[in-house]
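I opened my notebook to look through this structure step by step. Here is what I looked up, in the order I went.

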Amino acid sequence: MEALGTLAVVKTRRLGYDGKGQRIIQQATDVQAAWNTLQGQPLILESFVPFDREVSLLSVRGRDGETAFYPLVENYHYRGILRRSNAPAPATSPELQAQAEAYGKRVLEALDYVGVLAIEFFQQDGRLLANEMAPRVHNSGHWTIEGAETSQFENHLRAVLGLPLGSTAPRGHAVMLNLIGTIPESTAVLEAGNTHLHLYAKEPRPGRKLGHITLRGDDADTVRSQADALEQLL
């Protein structure tokens, strides 16, 4: 804390999904409470990043070393839980995509990794700062079921089984909305148009991901407007 200063984040090195295992330290008096909660496991202390937005990169690497990357996705969180992903991320330059893929490729090769791997980045003034890494298919990639030529799930299996990787090209534009805590009436969701409803057969409880909705179409503005309206329903 003396080196980084106050306004920092302490978090567990593993199993920190959905905001679990994280504490923001805003002043020196917060240190002891964070330590009491998280001690006894490997921790990371990071300076707080005033980022412009969060984006994630879904990467996949086959047993033969073949790699492929999905387009960057823009993510929105509330209380540490992913609520919405826009794919591909709007206002993304080829240079930013190339930067993300270069980082992803270095990680895949350094770990001799096989399968799908997700890296979450903070975007800040045109640069990407790694925030978290998930060695698996990832919530921010669920849009690929309807929104990409090959879903992240299929490509994960292709990679593990030693089969050729499928195309990661998007099929137009997509928005993924998580269903958290409660499940809406299915008819109201499906009447919205261009919607695909996925339920996980989980018992509802506060903060629990119970399913997701994907909206897909050829026009980005139309899809995002439909998603905005559906968010109001949710």
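**Entry 1: an aromatic pair**

I started with Y70, which has a relative accessible area of 1% and is therefore buried, as the cut-off is under 20%. I kept in mind that this model is predicted.

Next I checked W143, and this residue counts as buried too, because its relative accessibility is 1%. How do Y70 and W143 pair up? I found an edge-to-face aromatic pair, with 6.3 Å centre to centre and 85° between the planes. I then looked up where the two residues sit: Y70 is in the loop between strand 5 (67-69) and strand 6 (73-78), while W143 is in the loop between strand 9 (127-134) and helix 3. They are 73 residues apart, and the pair links distant parts of the chain.

**Entry 2: another pair**

I asked how many aromatic pairs the structure holds, and noted three. One of them is formed by F51 and F122, and this pair is stacked: I wrote down 4.2 Å centre to centre and 10° between the planes. F51 belongs to the loop between strand 3 (43-47) and strand 4, and F122 to strand 8, so their pairing ties together parts 71 residues apart in sequence.

F122, at 13% relative accessibility, counts as buried.

**Entry 3: a histidine in a strand**

I moved on to strand 12 (residues 209-217), where I found H212. With 2% relative accessibility, H212 counts as buried. Which side chain makes a polar contact with the side chain of H212? I found Y200, and the contact is 2.6 Å.

I also listed what H212 touches, leaving out residues up to four places away in sequence. Among them are H142, I145 and M176, as well as L177, N178 and L179. H196, L197 and H198 are on my list too, and so is Y200, the partner in that polar contact.

Which residues of helix 4 (residues 152-161) are buried? I noted Q152, N155 and A159. These three cover an arc of only 60° around the axis, which means that they lie on the same side of helix 4.

I then looked for what covers these buried residues, and the list includes strand 4 (53-61), strand 8 (115-124) and helix 3 (144-147). Strand 8 was already in my notes, as F122 lies in it. The face of helix 4 turned away from the buried side carries L157 and L161, both of them exposed. After helix 4 comes G162, and I noted that its phi is positive, near 80°.

**Entry 4: the whole chain**

Last, I stepped back and counted six helices and twelve strands in the chain. The radius of gyration is 19 Å, close to the 17 Å from the globule rule for 234 residues, so the chain is as compact as a globular protein of that length. I wrote down the span of the C-alpha trace along its principal axes: about 50 × 45 × 35 Å.

How much of the chain do buried residues make up? I noted 42% of the 234 residues. Of the contacts with a separation of 6 or more, 60% come from residues 24 or more positions apart.

Key: Residues numbered from 1 in each chain as written. Predicted model: local features only at pLDDT ≥ 70, side-chain atom pairs only at ≥ 80, totals over all residues. Heavy atoms only, no water. Buried < 20%, exposed > 50% of the residue type's maximum accessible area, 1.4 Å probe, protein only. Helix = DSSP H or I, 4+ residues; strand = E, 2+ residues; numbered from the N terminus. Arc of directions from axis to C-beta. Contact = heavy atoms within 4.5 Å. Polar contact = N/O pair within 3.5 Å; in protein donor to acceptor, adjacent residues only side chain to side chain. Rg over C-alpha atoms; globule rule 2.2 N^0.38 Å. Phe/Tyr/Trp six-rings, centres within 6.5 Å; stacked < 30°, edge-to-face > 60°.
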